[in-house]
Amino acid sequence: MVGRNRRWNFAVTGAGGICRRRRLLRRRIASVDLAVALAGFNLGVKAGQLGIVVLLLPVLYLYRQQRWFKHAALYGGSAAISVFAVMWIMQRGATFIG
């Protein structure tokens, strides 16, 4: 779908950031189309990040003065970031190895 109908490249790659750069390169999209597709992908990723912030910010604001929340955010947040970082490194390592 991406390679055949060039008019939909931006919409397809921007929808949730599903397509990855490697898949686009395999489909041999022209350099201009690739730039548009990558811009759509990046906009989709940023829109997803903004959506998460918009959903979490009110909750964080409500509980910011609670003593238990400060500890949960510090230790729980640090643990969650560490887990995601390790998963990301393993995923990228597998991409380079295989």
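Colleague: Read along the sequence, what pattern does the protein follow?

Modeller: This is a predicted model, where local features need pLDDT of at least 70, side-chain atom pairs count only at pLDDT 80 or more, and totals for chains, interfaces and linings use all residues. Residues are numbered from 1 along each chain as its sequence is written, and side-chain values use heavy atoms, leaving out hydrogens and water. Helices (H or I, at least four residues) and strands (E, at least two) are DSSP runs, numbered from the N terminus. The protein has four helices and zero strands, and the pattern reads α-α-α-α.

Colleague: Is leucine 57 buried or exposed?

Modeller: Leucine 57 lies in helix α3, which covers residues 31-62. Buried means under 20% relative accessible area, exposed over 50%, and partly exposed in between (1.4 Å probe, protein chains only). Leucine 57 has 52% relative accessibility, so the label is exposed.

Colleague: And phenylalanine 69, buried or exposed?

Modeller: Buried residues make up 15% of the 98 residues in the protein. Phenylalanine 69 has 14% relative accessibility, so that one counts as buried.

Colleague: How many aromatic pairs are there?

Modeller: Rings of Phe, Tyr and Trp (its six-membered ring) pair if their centres lie within 6.5 Å; planes under 30 degrees apart count as stacked, over 60 as edge-to-face and the rest as tilted. Ring pairs tie Tyr63, Trp68 and Phe69 into a cluster. Going by that rule, the count of aromatic pairs is three.

Colleague: Why is the pair of tryptophan 68 and phenylalanine 69 called edge-to-face?

Modeller: The ring centres of tryptophan 68 and phenylalanine 69 are 5.8 Å apart. Their planes stand at 85°, so the pair is edge-to-face.
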